[in-house]
Amino acid sequence: MIEVNEKELMRCNVCGAVNIDRGEVTPCRRCGSNIYHERFSTQKSWAYLLTAMIAYIPANLYPMLITKQFGSVEGSTILGGVVMLWEHGSYPIALIIFFASILIPIIKFLVLIYLLISVKYPIGKDSKIDKHKLYYMTEAVGPWSMIDVFVVAILAALIHLANVEIVAGTAATAFAISVFFTLLAAHAFDERLIKEYR
Amino acid sequence: MKLENEEALDHLIICHKCHTLHEEVEIEDGTKALCSKCGSVLYRFDSKLADYGLALSATGLIFFVLANLFPLVKIELLGHEQFITIPKTFVALFDNGFYFVGLMCAFLIFIFPLLIFVINFMLFLLLKLRKSPDFTKSLLILLSHIKPWSMSDIFLISILVALVKLIGYAQIDMGVAFWTLVIFVGIDLYMSKQIHVSEIWMLRRRLYAQERA
């Protein structure tokens, strides 16, 4: 017979098995992955998040898509692409791109910053915000930011004639890096921290 | 809380969404257990899980192969015909010198989706045959690591967005691979909604326990 405190039970991030918290590092009973105590997880998440935020700046300044048409070269940024679609009357697509490439990344940055601060310094302690839900939602919508990168890849692969050509711009790399690191930051964030300070 | 030994922890479940502790109870075949706090699915019990999983992953694999072999979209622009396939989209990025984005796309829309279905297929096959418990363990660990990084569904929506941008400039024809990709994504979404990795772990425990007995 062993006596366990219910608060010492935790879920393995990889396989979901219930484990007893043994301090700093606990190897999971079922899959053997290391379950870290919260000590390092916010630092790692912060580092990824900062990288993502820095990469987001050039992603918006440089052209995402470069159209070469009969000798003239024209680049369009993410925001420029949205405006162009709006002016052409494709409102739903303009909205999808606006949500996926501009709104979601920014909301994700803000939510992660809020979560990372609130688990260390309980500012949101009394608020009624369901942080688990908030975290889960950012996890779910996060990958959809990749739409713009895929669209650029498809257009670049599809249109390369002698006179008309579309190529990806510098912002594609920057944006891909930004999305990649935001996803890493979200994965690195330890949900168990939310519970500890409730 | 008193426990027999550490094995008894297997009968406890922590909700993956709200981290509430639950005790596993036996439920009827084909039903699911919900979290009492947030209502998300804790686990399902299906006695034919291995068969369903095997059938779905085999079907998915076939459609994935087809989706990669045939052209996704054909366009006619200024008298020239052009088409793309899934591999062509990221190879074109490589050709233009976008190695990072190209590599990322290759992993997100080709390698990971393929790997997930191959792993699922092997996993359910081995579980059905009740062979090599260690290998199924490594497969399950690998599966949960790459699961969040498969983006076929997002790629499918991206194709539509890209085509809307071309309306008015070019004549667009959907290729065979587009429809097979639609079916593949459908199977992918259905599988990730219906079969959670934790349920495969439970199945594995059940099957190998039977084997030992």
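This is a predicted model: local features need pLDDT of at least 70, side-chain atom pairs count only at pLDDT 80 or more; totals for chains, interfaces and linings use all residues.
Residues are numbered from 1 along each chain as its sequence is written, chains are lettered from A and ligands numbered from 1 in the order in which they are written, and side-chain values use heavy atoms, with hydrogens and water left out.

Q: Why is B:Glu199 called buried?
A: Buried means under 20% relative accessible area, exposed over 50%, and partly exposed in between (1.4 Å probe, protein chains only). B:Glu199 has 4% relative accessibility, so it counts as buried. This residue is in helix 7 (residues 197–212) of chain B, where helices (H or I, at least four residues) and strands (E, at least two) are DSSP runs, numbered from the N terminus.

Q: What does B:Glu199 touch, leaving out residues up to four places away in sequence?
A: B:Glu199 touches B:Tyr43, B:Arg44, B:Leu49 and B:Gln194; contact means heavy atoms within 4.5 Å.

Q: What makes B:Ile167 exposed?
A: The relative accessible area of B:Ile167 is 58%, and therefore it is exposed. B:Ile167 is found in the loop between helix 5 (152–166) and strand 8 (171–174) of chain B.

Q: Is B:Ser152 buried or exposed?
A: B:Ser152 has a relative accessible area of 2%, so it is buried. It is found in helix 5 of chain B. Beyond residues up to four places away in sequence, B:Ser152 touches B:Leu108, B:Ile109, B:Pro113, B:Phe184, B:Val185 and B:Asp188. Three of these names return in helix 6 of chain B, whose buried residues include B:Phe184, B:Val185 and B:Asp188.

Q: How do you know that the span of helix 6 of chain B agrees with its number of residues?
A: The expected span of a helix is 1.5 Å times one less than its number of residues. Helix 6 (residues 176–194) has 19 residues and should span 27 Å; its end C-alpha atoms are 27 Å apart, so the values agree. Its buried residues are covered by elements including helix 1 (49–69), helix 2, helix 3, helix 5 and strand 8 of chain B.

Q: Why are B:Arg130 and B:Ser132 called partly exposed?
A: B:Arg130 has a relative accessible area of 31%, so it is partly exposed. B:Ser132, at 35% relative accessibility, therefore counts as partly exposed. B:Arg130 lies in the loop between helix 3 (99–129) and helix 4 (133–146) of chain B, and B:Ser132 lies in the loop between helix 3 and helix 4 of chain B.

Q: What is the phi of B:Arg130?
A: B:Arg130 has a positive phi of about 55° although it is not a glycine. Most residues other than glycine have a negative phi.
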